[in-house]
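Please keep the sequence and the structure in view while reading.

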Amino acid sequence: MRFQEPPELPSHTPLPTGLAGAAGFPEVTVTQAPAEAILSRADALRRDFQTNFRDQMVESIYSQAMALAARSVRRDGNNRWDLDQRIDRIVTSPVWGLPIMAGMLAVVFWITIVGANVFSELLFDGLFLVESWGVSLFEWLGAPWWLTGFLWNGVYRGLAWVVSVMLPPMAIFFPMFTILEDLGYLPRVAFNLDWIFRRAGAHGKQSLTMAMGFGCNAAGVIATRIIDSPRERMIAILTNNFVPCNGRWPTLIMLATLFVAAEFPPAVASLAAAGTLLLVVLLGVLVTLVVSAVLTRTWLKGAASAFTLELPPYRRPSILRILYTSLMDRTLFVLYRAMWTAAPAGALIWVLANVRVGDESLATMFARMLQPLGRAIGLDGAVMLAYIIAIPANEIVVPTLMMVYAKSSMMMQEGGYEAIRVLLVDQNGWTMLTAVSLMLFSLLHNPCGTTILTIWKETGSLRWTLLGALMPLAIAFGVCFALASVARLLGAAG
Amino acid sequence: MAATKQTNPTAPGHDCGTCASRVELEQMGIRLDSWDHVVALAGNPNTGKSSVFNSLTGLKQHVGNWPGKTVSRAEGGFRFNGLRYKLVDLPGTYSLLSASKDEEISRDFILFGKPDCIIVVADATALERNLNLALQVMEITGKVVLCVNLLDEAKRKGITVDLRSLSRDLGVPCVGTVARTGEGLGDLMRVVAAVIAGEVATVPIRTQVPAEVERALDELVMMIEGVAPGLPNARWVACRLLDGDLRIRQALLSGELARLTDRQQDAPVAAAPSLVSIQGAQ
């Protein structure tokens, strides 16, 4: 007896419900096979399968669903649909798909850099003017020097740095990224990249979790829940860090603008900076693939699983929703978090810079102690100190670095990238090697505290969490060390 | 919660002729302390599952968390043809195969919560993807009604779904709806009531698997039936064991699976004792 058509419900004969009674399993139990025997038999059967059982099941279900849908769904010739298909044929074509994607990324980076430059400078000037007013006010009130210093040159400056360095790129990058998301372009990205990830033994949806990682690696790690296979999910979690998150964008943008772009004529400088960022991102993808391939062949053995990716219809992005998601959910949320870590970090730096042991401040002392380590990878002790202080949040690396370098409150009278250039190049001897090493280190080093905590929560395993934190760090040191050694061998930099 | 405009068909002065099918439906919201049947709502994300939920129960609902999980759980009630139903909104998922929290919760409620019927809400414009979940639910229980939602959007895109042939193929009733406007929900509930009452027998389609897998499944099903005679979803359990599903292994060892069959026979209105935890009204 098959199921009857819903609305009229012609047959009201009470039928045995469901399968339980209907199938009528024989009541004669053959052998009361104990549960353990079933489990060991299941394990033995699983081992005997030619191919991965999970993959076979998924494939069976998907092909059945496809066959069923094909029998009952009819699509009429529809203009919208045709247009979507025509666009898809271009943006997901084997030839044009990847170049179009890279081009789009480059445009987004370029707009971000050009726009951020202008606004950063304005914010910078404004916020540091407030600092000088605050200092004057405190001096006029007769506050002790250490209170003025702690609050204004420490806590406030940490905040001001984070706001002026982070807010402009975020406020430009996130809305543009959200537009791509809203358009429905991101699933196409996953489609384009699927075959590459597959060859690395990873899941095609990993590109989506990486896209989330552009915003925040912790969010990217959570997003790996969309990956069904635990093995591939673990790969996605462990490698998400190789996508520069928004906390690291400002560092990368600043270095690309100050060092790489400066080598080019002004007309193409911002293009060169955008190109540099694109290269950094591509390098991150490359490292992701290499690490995925290595994991697939070592601790996380297995084959990539099949999946169907639904390409949703293109939608007209809704302006209000874009503004809301990108500004409220992303920009302000991230900024708020950064400020919470920046204020105490600013205070800590101020204390380190002002508590003296003998002739030198604590900051100078620590920086000196870390100097050999920093030099070995093309950086210096101050950068190492900044990265240690910035473990809770990557956002504050640059501000911390500036404060370690600046030492006194005199430095930051003029704002903008020019001031930073003077500080880094003229006063602290940075070269192109320093800049490139820092970009690489920033791209590859360990995830921030929040992300590590998220990895721990998502995997529930201390071992994987440790691997997720230490493996990137080791790669960062290895790559930077190799680069610095080669550069020095060639006599490129001191 | 989506602030969709709600019209209560039972409200005085509501004389809309077109929705006569909904007259016997009364949204109960949170005014439901006991019930005759428990119905679960499953579905992919973005299929209008929440619209179905809101249209059936009204805007007042219990919102709490699933026990021990940070996934929110919504419950509401309604009365249909004199019977009181509790509706449990399961997390939106694409499948039941992975170990993600959402999928685990849905899976556990469908299996151990033993709802009287499960409505799988599907997006008519993406039926293929949505059927993946429906097929997996149907492996666990036959008490399934497929709610093919977003028919208005499908129509705009020139997509038509032959519900009659789909019902025949799947072996469970399929009802077309536009949950946002309430269209088809009366039919949906009538079919759900009929499935629960046993007036409509469902014979859910089984996933075709390679011969190698089929042989292994057959062997395990025999063994499982020895331990838990009359278990309706022995084939699904066998599948999970082959996949190495820890939760199901443990349920088999502890005898929890065997007990499932007992409860099914004595108490058809089991109310998922281990899962009831309501933090209070909104």
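## Basis and confidence

This is a predicted model, in which local features need a pLDDT of at least 70 and side-chain atom pairs count only at pLDDT 80 or more, while totals for chains, interfaces and linings use all residues. Residues are numbered from 1 along each chain as its sequence is written, and chains are lettered from A and ligands numbered from 1 in the order in which they are written.

The model has an ipTM of 0.81 and a pTM of 0.57. The term pLDDT denotes the predictor's confidence in each residue, from 0 to 100. For chain B the average pLDDT is 79, and 80% of the residues score at least 70. Residues 1-23 of chain B stay under 50 in pLDDT, and the model has 22 contacts beyond four places in sequence for them. Residues 263-282 of chain B likewise stay under 50, with 32 contacts beyond four places in sequence. Two residues are in contact if their C-beta atoms, placed from the backbone, lie within 7 Å.

## Overall make-up of the chains

Helices (H or I, at least four residues) and strands (E, at least two) are DSSP runs, numbered from the N terminus. Chain A contains 20 helices and three strands, and chain B contains ten helices and nine strands.

A residue is buried if 20 or more other C-beta atoms lie within 10 Å of its own, exposed if 12 or fewer, and partly exposed in between, with C-beta atoms placed from the backbone. Of the 494 residues in chain A, 44% are buried; of the 282 residues in chain B, 54% are buried. Among contacts in chain A with a separation of 6 or more, 74% involve residues 24 or more positions apart. In chain B, 70% of the contacts between residues at least 6 apart in sequence join residues at least 24 apart.

## Helix packing in chain A

Helix 12 (residues 266-297) and helix 18 (residues 432-444) of chain A pack at an angle of about 45°, with their axes 10 Å apart. Helix 12 of chain A is therefore oblique to helix 18 of chain A. Their contact is made by A:V280, A:L283, A:G284 and A:V287 of helix 12 and by A:M439, A:L443 and A:L444 of helix 18. Axes are lines fitted to C-alpha atoms, for helices over the stretch in contact, and angles run from 0 to 180 degrees between N-to-C directions. Angles under 35 degrees count as roughly parallel, over 145 as roughly antiparallel, 65 to 115 as roughly perpendicular and the rest as oblique.

Helix 14 (residues 362-376) and helix 15 (residues 381-389) of chain A pack at about 105°, and their axes are 6 Å apart. Helix 14 of chain A is therefore roughly perpendicular to helix 15 of chain A. Residues in this contact include A:F366 and A:L370 of helix 14 and A:V383 and A:L385 of helix 15.

## Strand pairing in chain B

Two strands pair if DSSP finds at least two bridges between them. Strand 3 (residues 62-65) and strand 4 (residues 72-80) of chain B run antiparallel and are joined by four bridges. B:H62 has B:E75 of strand 4 as its bridge partner.

Strand 4 of chain B is also joined to strand 5 (residues 83-89) of chain B by seven bridges, again in an antiparallel arrangement. Here B:G76 stands opposite B:L87 of strand 5. The hairpin of strands 4 and 5 of chain B has two residues between the strands, and B:N81 takes a positive phi near 50° there.

## Selected residues

Most residues other than glycine have a negative phi. B:N46, which is not a glycine, has a positive phi of about 60°. B:N46 is found in the loop between strand 2 (37-43) and helix 1 (49-57) of chain B and counts as exposed because it has 12 C-beta neighbours inside 10 Å. B:L150 also has a positive phi of about 60° without being a glycine. B:L150 is found in the loop between strand 7 (144-149) and helix 4 (151-156) of chain B and is buried, with 26 other C-beta atoms within 10 Å.

In helix 8 (residues 234-243) of chain B, nine of the ten residues are buried, among them B:W236 and B:R240. Just after helix 8 of chain B, B:G244 takes a positive phi of about 80°.
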